[in-house]
Amino acid sequence: MIDLKRNERIQIKNGSKAEVIQKIGEGGQGAVYKVHYAREDYAMKLYFPRSIKKKNEFYSNLENNIVNGSPNESFLWPLYITEMRNGTFGYLMRLRPAGYEDFSKILTAKVQMNSDMAIINAALHLVNAFKDLHSKGYSYQDLNDGNFFINPENGDVLICDNDNVAPYGQNVGVDGKSRYIAPEVVTGKSRPNVHTDRFSLAVVLFMLFFRGHPFEGAKTASHCCLTEQLEKEYYGVHPLFCYDPKDESNRPVRGIHNNVIRLWNMYPRYIQDAFIKVFTAGIKDVNERLTEREWTNILLRYRNSTIKCSCGCYNTFEDEKQEKLTCADCGVEINRPLVLTINKNKIFLYPETRLYTYQIEDSQDLFQEAGMVIINKANKSLWGLKNLSKRGWIVEYSSGEQKSVPYGGVLFLLKGTKIFFGNEYSGEIN
Amino acid sequence: MGKYDNVEGIARRTMILFFLIDTSNSMSGTKIGEVNDAIEGVIPEIKEISSSNADALIKIACLTFSTGVKWMYPNPVDVNDFKWSYVNAGGMTEMGKAFEVLNEKLSRNEFMAEVAGSYAPAIFLLSDGAPTDEYKDAIEKLKKNNWFKYALKAAVAIGDDADKDMLASFTGDDELVLTAHSPEALRKVIRFVSVTASKIGSKSSVSAQTTNAKQDDFAEQITEFNSDLIDSQNDNW
Amino acid sequence: MIIGNKEISNITSLAISQIGASHLDSGICEDSSAVYQDSNMAIACVADGHGDSRCFRANLGSKFAVEIGIQCVKEFVANQPNLDFNDTKEIDKAFVQLKTYILFKWLERTKNHLLAHPIEDREIGLMDHKDYKEYQKEGIFKSYPIIYGSTFILGCVTNGFYFILQLGDGDAAVDNKKFTMPLPEDPRCFGPYTTSLCNDDAIDSFRHYYAKGNPKAIMVSTDGLGKSFAEEHRFLDLLGVIEKNIVESGVEAAKPELTAFFERLTELGSHDDISLGAIVRVGE
């Protein structure tokens with residue numbers, strides 16, 4: 001297929017013409033161009049004529065997606081569709097903003113995530129995006145390391161190639177990349193759907209945390225070439241999780257799978273257990289795969305119990321019973337700090353720990369900050385919680401004394417303190 | 001065999017021993033005299049190591065600093081050809097400038113041109129006082145230089161007025177700062193450091209991981225020597 | 001296109017390892033080298049066992065490395081399914097798997113050797129104290145590969161396609177009209193330091209290069225050869241002379257001449273063990 005030239009014009013359905021500025025990339029399905037349309041710049045994906053099998057179905061699905069709009073701000077969603085032209089078509093979407101890197105670059109350590117907090121937030125964004133996608137009745141069908149981007153500074157996620165998104169039960173002819181797609185799709189027993197999405201999501205989360213693949217270990221390393229048949233065997237027919245508690249034969253190998261070896265033990269038991277569940281029981285039984293809600297709860301629990309050592313390294317307490325931990329970077333011992341309990345949330349209160357809006361009011365926003373733990377400038381051993389939320393709080397110390405804490409105000413962190421958040425939410429520090 | 005007789009450019013692997021010598025005003029008189037004497041005296045021993053131990057060719061580069069800096073020779077000289085040129089003292093203590101110049105020369109385009117065959121250099125700093133110029137940035141830059149990072153480093157504080165903390169920031173370890181309170185001690189120290197560095201630095205033991213096995217070995221030997229030295233010193237300066 | 005399915009012709013190969021001048025006392029050469037040739041491929045492989053005192057079985061480590069390198073690459077060339085040369089992602093994926101396999105086999109071989117040949121009394125003092133305690137308790141220790149530590153360089157020629165694998169210091173040069181070294185320098189192999197098959201992140205230091213074509217020669221050598229020359233072009237000139245001698249006199253005559261030269265070279269130059277694996281096209 002010949003590339004489009006600069007200034008070439010493409011007709012947008014029910015609109016005017018988009019003008020090509022330059023080619024910005026190419027993938028298996030088509031090429032991407034920067035175009036100018038209706039006084040703004042967009043990215044345009046134009047499919048290769050032979051790459052779409054069921055053209056009409058694909059076209060109407062794309063049109064539907066455009067009309068229904070993006071389920072979540074993490075998706076780089078199709079905005080306008082082109083007319084059919086020369087046996088092919090395309091669509092317009094926002095240009096990818098600066099600061100985002102290919103997930104595959106992060107996997108191969110060409111780019112580093114800024115911190116463990118950025119990793120947790122990236123995981124939350126991904127899970128959140130899928131939750132919103134599935135709640136609208138869609139499934140993604142082709143999640144892999146080539147179609148999403150992460151901002152390594154803060155963990156913001158951008159998911160692309162949303163042209164394969166389709167309603168549950170329907171399928172527009174995509175098979176998915178074998179190392180990401182669920183075993184039942186590899187073996188041909190099922191087409192991609194919400195359950196297979198959840199499997200791919202678990203694979204991506206595993207790769208994000210441990211920078212390796214869950215089914216790669218001694219068994220996959222013991223072959224000279226991974227033929228199609230062997231790939232099908234190891235990722236589809238008999239996938240064996242590298243940390244399967246009952247079968248050690250595919251354990252990660254020192255010298256080869258060093259990232260997984262190093263990082264697996266840095267995460268708490270409940271995170272390891274979640275992956276073990278998905279990748280053992282969850283291989284055959286789709287109901288054993290964690291739902292987005294379950295992942296979210298696990299990740300929020302993890303975020304709540306993660307504190308930032310003064311050296312800059314993030315460390316996580318397994319639970320309230322853990323009395324102290326040793327910083328993974330500088331080796332300093334940190335005692336368990338005070339914990340603020342609000343309903344199910346147990347927030348470990350250490351300098352720079354955030355309070356989030358969803359913890360103190362009925363909100364779905366997992367990233368908006370509502371408070372922060374700060375150090376008293378005059379006395380460094382005194383810490384306080386600063387109110388950064390929309391409401392004033394009332395704090396009741398164990399002495400019975402009550403004080404109001406407006407926006408910008410700070411309450412001392414003392415054991416036995418109760419905080420009332422100006423609505424039906426309240427918490428206690430212990 | 002005849003076929004390879006015309007092969008050119010064969011070279012021994014080299015190790016450079018750097019001497020950075022404070023020649024400021026306070027060093028004048030017996031101190032600088034002793035330094036001249038001690039270093040000139042140690043050259044024959046280093047020659048011996050170079051020829052008998054033989055895995056590496058040892059070269060010497062000497063930089064003096066007072067008001068401004070000066071290399072004794074424009075390039076490192078094979079120890080077999082090296083002739084110590086007596087240095088005089090007078091002026092300020094521009095150690096910062098010395099560090100900058102050292103950083104420039106610790107590069108493939110300069111003294112470390114024979115990169116493929118080079119062993120990590122040994123760098124020996126001798127001073128009796130404190131820098132009179134800005135040196136902290138220069139040390140930070142040096143620390144980023146790979147050749148400096150892997151080098152064997154030691155410093156000798158001559159007399160009591162030397163700024164030992166500052167010298168430790170150069171060597172990276174306060175155990176690698178030795179103090180010489182007497183001429184005999186100075187001679188002993190110069191001899192020990194030069195000889196040990198030459199021996200360790202030119203051994204063809206390759207580290208499996210990028211560890212500092214050589215630096216650890218060096219530090220161990222220096223520390224041992226230093227504790228013996230402290231016992232035997234009397235304050236003459 | 002399937003690599004290795006067409007015959008190669010007029011190829012000859014040789015491998016030499018010469019003990020270094022600094023090892024004459026101990027009598028142990030830590031380098032190993034080997035070549036393999038059949039109608040479809042030619043492979044040359046060299047490996048340099050580390051001189052570090054903790055690597056007290058490095059001579060065995062390098063021996064296993066070249067044996068395994070040749071065995072694995074034979075398998076790779078013989079079994080390679082259709083490789084689409086336009087799909088560099090697929091080719092890179094295949095090479096990553098090959099490197100993984102070589103590492104896996106080397107780790108397995110060294111582990112089995114240690115289990116069959118326990119640490120001897122004279123070796124205990126050379127071990128890291130923590131490692132020895134672990135060994136006493138478990139019969140093996142996590143860092144066991146370090147005692148066999150070695151570098152690894154391999155060159156392979158098939159009809160119309162050739163490739164190089166390298167982990168650690170040493171050189172791999174290709175003659176396509178003149179000798180060049182296609183793999184960029186590894187910044188982690190600096191001065192006397194090198195990456196190794198025994199590193200716990202070995203796969204990250206394992207590099208590969210491939211290209212279409214029929215080079216006149218590929219030569220892989222351990223660092224004892226390259227470090228005998230102050231300037232790179234002198235080293236490459238020598239490779240040119242070696243190639244010429246092999247083409248003119250044949251391998252049988254060239255080998256003893258070259259061995260004698262290496263004996264002198266280590267004395268005059270690096271003092272280190274010297275190994276060379278060469279694949280050379282003779283005639284057309």
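**Exercise: a helix pair in chain C**

State the hand of the crossing of α7(C) and α8(C), and describe the residues that make the contact.

*Solution.* The crossing of α7(C) and α8(C) is right-handed; the term applies if the near helix is turned clockwise from the far one by less than a right angle, and left-handed if anticlockwise. The model is predicted, so local features need pLDDT of at least 70 and side-chain atom pairs count only at pLDDT 80 or more, while totals for chains, interfaces and linings use all residues. Residues are numbered from 1 along each chain as its sequence is written, chains are lettered from A and ligands numbered from 1 in the order in which they are written, and side-chain values use heavy atoms, without hydrogens and water.

Next, locate the elements: α7(C) covers residues 232–249 and α8(C) covers residues 251–268 (helices are DSSP runs of H or I with at least four residues, strands runs of E with at least two, numbered from the N terminus). Their axes lie 7 Å apart, and the packing angle is about 150° (axes are lines fitted to C-alpha atoms, for helices over the stretch in contact; angles run from 0 to 180 degrees between N-to-C directions).

Then list the contact (heavy atoms within 4.5 Å). From α7(C) come L238(C), I242(C), N245(C), I246(C) and S249(C); they meet V251(C), A253(C), A254(C), E257(C), L258(C), F261(C) and F262(C) of α8(C). By class, nine of these residues are nonpolar, two polar and one charged (nonpolar: Ala, Val, Leu, Ile, Met, Phe, Trp, Tyr, Cys and Pro; charged: Asp, Glu, Lys and Arg; polar: the others, Gly among them).

**Exercise: orientation of two helix pairs**

Classify the orientation of α1(C) to α2(C) and of α3(B) to α5(B).

*Solution.* Begin with chain C. Helix α1(C) (residues 58–79) and helix α2(C) (residues 88–116) have axes that come within 9 Å and cross at roughly 140°. The two helices are therefore oblique to each other (under 35 degrees is roughly parallel, over 145 roughly antiparallel, 65 to 115 roughly perpendicular and the rest oblique). This crossing of α1(C) and α2(C) is right-handed. Among the contact residues are L60(C), F64(C), I68(C) and F76(C) of α1(C), and F95(C), L98(C), I102(C) and W106(C) of α2(C). The contact of α1(C) with α2(C) has 13 nonpolar, three polar and four charged residues.

Continue with chain B. Helix α3(B) (residues 136–144) and helix α5(B) (residues 164–171) cross at roughly 25°, their axes coming within 9 Å. This angle makes α3(B) roughly parallel to α5(B). I139(B), L142(B) and K143(B) of α3(B) form the contact with M166(B), S169(B) and F170(B) of α5(B). Four of the residues in the contact of α3(B) with α5(B) are nonpolar, one is polar and one is charged.

Six strands of chain A form an open antiparallel sheet in the order β1-β2-β3-β4-β6-β5 (two strands pair if DSSP finds at least two bridges between them). β1(A) pairs antiparallel with β2(A) (residues 17–26) over three bridges, and Q11(A) stands opposite K17(A).

The antiparallel open sheet of chain A in the order β7-β9-β10 has three strands. β9(A) (residues 148–150) is joined to β10(A) by three bridges in the antiparallel sense, with F148(A) and I159(A) as bridge partners. Helix α3(A) (residues 116–135) packs on this sheet, touching β9 and β10 of chain A, and its direction makes about 35° with that of β10(A).

Trace the pairs from β18(A) to β19(A), on to β20(A) and to β23(A), then describe the hairpin of β16(A) and β17(A).

*Solution.* β18(A) (residues 354–356) pairs antiparallel with β19(A) over three bridges; Y356(A) stands opposite E369(A). Five bridges join β19(A) (residues 369–375) to β20(A) (residues 383–387), again antiparallel. I375(A) has W383(A) as its bridge partner, and G371(A) has N387(A). β20(A) pairs antiparallel with β23(A) (residues 410–412) over three bridges, where K386(A) is partnered by V410(A).

Two residues lie between β16(A) and β17(A); N343(A) in the turn has a positive phi of about 55°.
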